[in-house]
Amino acid sequence: MANNILLLIGISLMYSTPLVFGALGGMLSEKSGVVNIGIEGMMTIGALTGACVGYYTANPWIGFLCAGLAGGAIALLHAIASITFQANQTVSGIAINLIGAGLATFLCRLFFDGATMSQPVPNKLPKIFGAGNEGIKQYLNLDITTVIAFVLVLFLYVFFYKTKWGLRIRAVGEHPAAADTLGINVYLIRYACVVCGGVLAGFGGASVTLAIIAQFTPTAISGQGFIALAAVIFGKWTPHGVYGSCLLFGLAQAIAIMLGGSDLIPAEIISMIPYVLTLIILMLFVGKSVAPKANGVAYEKGKR
């Protein structure tokens, strides 16, 4: 019984990690007032880049960093459309999702002789206890990305609520015109937050292909970006709330995996658990969560 509980905790943390990166990226963008529903596309590009660079360099850390850069590059497109050209942010996010999925498949075929999945990376990202552990370490030997994600949550909490830069981002997300009158560069802050959010989403994708499954497949990122978006809403746009939400969704995935060997419940029903939980949470809590007031509203200097 104790081993099953430890195993459940370990799987929950493992599958919540990509969601944490993606959700923190979405939260960072939306804190500045730019809606980002393109997390799925950014994570997909990050997953492909991490797998490709990790395979050809045999260095998962280089792959992880390049995945973040790729996610940031795709996010830059969203920033240009949403901030500079003041396009509809929801439509732009949908386009990013389509571009991310299509571009990842195209590049995968290009780099791996027409295959829709990459070759397995020779070296995965390390685990905190290394290899060959037994006992409790066997069940709680987490990927290093899980620790990085947790540290990132702590950093963003301090950044948003204890520093002047965090205050400026929150001011831009709540009332950009007022922030502008105080000399805050609204456009620069929004650009920085959207691009950095894309970097985090790219890390989330890479944490799948460099730590969990060790290769890119067309289904490597299958809805995690949308679940991360739900975690942003459920977590009320706060780092600690987002982290708790991602742990809940990770637990749902862990339960689905542990029930996978059951003959009592059809496999199709079990695989639906994380997505059904997402819908239930959105129906119950979306009306109670209050987004930043200027979230989704394009800002034009000189207009209030």
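This is a predicted model: local features need pLDDT of at least 70, side-chain atom pairs count only at pLDDT 80 or more; totals for chains, interfaces and linings use all residues.
Me: How are the rings of Tyr55 and Tyr56 arranged: stacked, tilted or edge-to-face?
Reply: The ring centres of Tyr55 and Tyr56 lie 5.0 Å apart. Their planes stand at 80 degrees. Planes over 60 degrees apart count as edge-to-face. So the Tyr55 and Tyr56 pair is edge-to-face.

Me: What class does the pair of Tyr157 and Tyr161 fall into?
Reply: The two centres are 5.2 Å apart, which is within the 6.5 Å limit for a pair. The planes of Tyr157 and Tyr161 make an angle of 50 degrees.

Me: Where do Tyr157 and Tyr161 lie, and why might they point the same way?
Reply: An α-helix has 3.6 residues a turn, so residues three or four places apart point the same way. Tyr157 and Tyr161 are four residues apart, about one turn of the helix. Both lie in helix H6, residues 144–162.

Me: Is Tyr157 buried, partly exposed or exposed?
Reply: Tyr157 has a relative accessibility of 35%. Buried means under 20% and exposed means over 50%. Tyr157 therefore counts as partly exposed.

Me: Which residues form one aromatic cluster with Tyr157 and Tyr161?
Reply: Tyr157 and Tyr161 belong to one aromatic cluster.

Me: Which residue lies over the face of Phe160?
Reply: A charge over a ring must have its Lys NZ or Arg CZ within 6 Å of the ring centre. Over the face of Phe160, the distance from the ring centre is 5.6 Å. The residue is Lys31.

Me: How far does the charged end of Arg168 sit from the centre of the ring of Trp165?
Reply: The charged end of Arg168 sits over the ring of Trp165. Its distance from the ring centre is 4.6 Å.

Me: Which residue forms a salt bridge with Lys127?
Reply: A search of the whole structure finds one salt bridge. Its closest N and O atoms are 2.8 Å apart. The pair links distant parts of the chain, 16 residues apart. The partner of Lys127 is Asp143.

Me: Is Asp143 buried or exposed?
Reply: The relative accessible area of Asp143 is 4%. The limit for burial is under 20%, so Asp143 is buried.

Me: How many residues of helix H10 are buried?
Reply: Helix H10 spans residues 224–234 and is mostly covered. Among its buried residues are Ile227, Leu229 and Val232. Of the 11 residues in H10, the buried ones number nine.

Conventions. Residues are numbered from 1 along each chain as its sequence is written. Side-chain values use heavy atoms; hydrogens and water are left out. Rings of Phe, Tyr and Trp (its six-membered ring) pair if their centres lie within 6.5 Å; planes under 30 degrees apart count as stacked, over 60 as edge-to-face and the rest as tilted. Helices (H or I, at least four residues) and strands (E, at least two) are DSSP runs, numbered from the N terminus. Buried means under 20% relative accessible area, exposed over 50%, partly exposed in between (1.4 Å probe, protein chains only). A charge sits over a ring if NZ of Lys or CZ of Arg is within 6 Å of the ring centre and within 35 degrees of the ring normal. A salt bridge is a side-chain nitrogen of Lys or Arg within 4 Å of a carboxyl oxygen of Asp or Glu.
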